[in-house]
Amino acid sequence: MIKVLFFAQVRERLGQASIELDADGVATTEALREALAAKDDKWSQVMANDQLLVAVNQTISNWQAEVKDGDEVAFFPPVTGG
């Protein structure tokens, strides 16, 4: 299983903070993003955001990062400091 976390506006728009997904067929963060987008229109709109960031096991990653069983993947909007 892959634990998927959602933060800030992503969490608010989806109406949930996390889900768990079977790791079968999900080899990269992009494949995971596509699998989530296929759930329905709301998910598709959220996952289509070009500014969306992803982290694997609490490390900022890119869309080609490997995802495997037991990983934690987080999706969140861009962050700014101040």
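## Salt bridges

Asp-71 and Lys-68 are joined by a salt bridge with an N to O distance of 3.5 Å (a side-chain nitrogen of Lys or Arg within 4 Å of a carboxyl oxygen of Asp or Glu). Asp-71 is buried at 5% relative accessibility, while Lys-68 is partly exposed at 46% (buried means under 20% relative accessible area, exposed over 50%, partly exposed in between, with a 1.4 Å probe and protein chains only).

The whole structure has 2 salt bridges. In another, Arg-33 pairs with Glu-30, with the closest N and O atoms 3.9 Å apart. Arg-33 is buried at 11% and Glu-30 partly exposed at 26%.

## Basis of the model

This is a predicted model, in which local features need pLDDT of at least 70, side-chain atom pairs count only at pLDDT 80 or more, and totals for chains, interfaces and linings use all residues. Residues are numbered from 1 along each chain as its sequence is written, and side-chain values use heavy atoms, leaving out hydrogens and water.

## Aromatic rings

There are 3 aromatic pairs (ring centres of Phe, Tyr or Trp, the last by its six-membered ring, within 6.5 Å; planes under 30 degrees apart are stacked, over 60 edge-to-face, the rest tilted). Phe-6 and Trp-43 are edge-to-face, with centres 5.5 Å apart and planes at 75°. Phe-6 and Phe-75 are stacked, at 6.2 Å and 15°.

Phe-6, Trp-43, Trp-63 and Phe-75 make up one aromatic cluster. Phe-6 and Trp-43 are both buried.

## Charges over rings

The charged end of Arg-33 sits over the ring of Trp-63, 4.1 Å from its centre (NZ of Lys or CZ of Arg within 6 Å of the ring centre and within 35 degrees of the ring normal). Lys-39 lies over the face of Trp-43, 5.0 Å from the ring centre.
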